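Here is a short note for a colleague who has not looked at this structure before. Please read the points with the structure open.

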Amino acid sequence: MSSIAPFKIAVPEDKLNRLKQKLALTDFPSEVLGAQPWSHGAPLSDVKRLALHWENDFDWRAVEIRLNELPQYTTNIDVQGFNTYDIHFIHQPSIVKTAIPLLFLHGWPGSIIEVTKILPELIKGGKDFPAFHVVAPSLIDFGFSSASNKKEFHSEQHAEAYHKLMLALGYTEYVVQGGDLGYGIARFLALSYGPEHVKAHHVNCVAPAQPTATEHPELHAKVQATPLTSSELAGLARSEEFSKEGNGYYKQQSTRPLTTGYFMQDSPVGLLAWIYEKLHDWSDNYFWTDDEILTWVSIYYFSRPGPAATSYIYYNNEHRDPGMFAAVQKYSVVPLGISRFPKDLILLPKLWNQTMGPVVFEKEHESGGHFAAWERPDAIVDDLRTMFGRAGGAFNVVKGHSGLLED
């Protein structure tokens, strides 16, 4: 591993000019008359408005300035049997010396942007609630990290890379937070590097296995005897709706990622519509400003590996044996915390979560969707503070780093 180097985002001017040229030359599709809004995808009027704003008014340089206020770095990490990868990451230590080292893992179609709302709050604390040292990498194939460029680069290879990143930063013991793709990577981290290094993990968008009489006899009996709550029934309905009407992107990206890659890489409006639909459909009445949408999409468009690369993790996860979702359902002794949001994509009965490990924290929120750290930063921050606080189930799991000032 080479030394850690400071990093600033600086998209070349010619890329900005080329983007504007492509936007100006866009051929838009027609729209089915009389169709229910959003039933066929992102509405044409919305995409035209966003494309026009992207071409003429959106200020990427202002976004760069804001992002570059965060302490960003790159370093080379070797992944066994693959390559050495240049990993981009935010590293914001707290002024509280006993702060808890926290690895934050983003998902798709997110990026390091997802940590930016919770980071200023997480580094605070020390008295009434714990403080955290925050590390947030751009996943390999995303943002400003390098491309994987090899087949079979699964979520466990991602886990290896970010574990080694934490070690390189001097964090031999740490905790993890993740949702979406970050959920799977967090689980692999717990399974592969816990409890020696990974001391606890907190996740959202959880996909546990159904307890069976063979593997979990006591839990299975409890599940059979416990009626589902109204929120659990609503969650199952939400999951079924997503599986039926919203899962097409996953099927495509996990089977033919190169095919979708052509429009992601070449057509900024195609990429915009692809991501904008998910931001709308997967959130809980969150009001996305045009600049927020274009910031999320621009990070993909200007990413170092290119937006097409972000699909390969889906293909690799589904073509391993067992698949990623099945693999991370294995029981881990690492303490587990779970936050549940009503408009997330996978919402299974809560008792099932106990098949994954000792659940030391669980909170069901009344609002929020798939992008929890962005839509409900208050909830994620409060949940982490509670889980790792003095009365929490994961208090002082990192010895000498309780997150609290010495009494």
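**Notes on the predicted model**

1. At the start of helix α3, the backbone nitrogen of Arg 61 has a side-chain oxygen of Asp 59 within 3.2 Å. The model discussed here is a predicted one.

2. Helix α3 spans residues 60-67, and its buried residues are Trp 60, Val 63, Glu 64 and Leu 67. These residues lie on the same side of α3, because they cover an arc of only 100 degrees around the axis. Behind such a pattern is the helical repeat: an α-helix has 3.6 residues a turn, so residues three or four places apart point the same way. The partners of the buried residues of α3 are α1 (13-24), β2 (72-78) and α12 (290-301).

3. The sheet is open and mixed in its pairing, with 9 strands in the order β1-β2-β3-β5-β4-β6-β7-β8-β9. β1 (5-6) and β9 (359-364) each have a single partner strand and stand at the edges, so one side of each is left without a neighbour in the sheet.

4. Within this sheet, β4 (residues 100-105) pairs with β5 (residues 132-137) in the parallel sense, over 4 bridges. Pro 101 is placed opposite His 133 in β5.

5. Two helices can be described against the sheet. Helix α16 (residues 377-388) packs on the sheet and touches β4, β5, β6, β7, β8 and β9; its direction makes about 145 degrees with that of β7. Helix α6 (residues 181-193) lies across β4, β6 (174-179), β7 (198-204) and β8 (336-340), and runs at about 160 degrees to β7.

6. Some backbone geometry deserves a look. Most residues other than glycine have a negative phi, and most peptide bonds are trans. The bond from Trp 108 to Pro 109 is cis, with omega near 0 degrees, and Pro 109 sits in the loop between β4 and α4 (119-122). Asp 321 and Pro 322 are also joined by a cis peptide bond, with omega about 0 degrees; Pro 322 belongs to the loop between α13 (312-318) and α14 (324-327).

7. Which phi does Glu 152 have? It is positive, about 65 degrees, although Glu 152 is not a glycine. Glu 152 is in the loop between β5 and α5 (155-168) and is partly exposed, with a relative accessible area of 47%.

8. Asn 285, not a glycine either, has a positive phi of about 55 degrees. Its place is the loop between α11 (268-281) and α12. Is Asn 285 buried or exposed? Asn 285 is exposed, with a relative accessible area of 77%.

Technical notes: Residues are numbered from 1 along each chain as its sequence is written. This is a predicted model: local features need pLDDT of at least 70, side-chain atom pairs count only at pLDDT 80 or more; totals for chains, interfaces and linings use all residues. Side-chain values use heavy atoms; hydrogens and water are left out. Two strands pair if DSSP finds at least two bridges between them. Contact means heavy atoms within 4.5 Å. Axes are lines fitted to C-alpha atoms, for helices over the stretch in contact, and angles run from 0 to 180 degrees between N-to-C directions. Buried means under 20% relative accessible area, exposed over 50%, partly exposed in between (1.4 Å probe, protein chains only). The arc is that of the directions from the helix axis to the C-beta atoms. A polar contact is a pair of N or O atoms within 3.5 Å; within protein, one must be able to donate a hydrogen and the other to accept it, and residues adjacent in sequence count only if both atoms are side-chain atoms.
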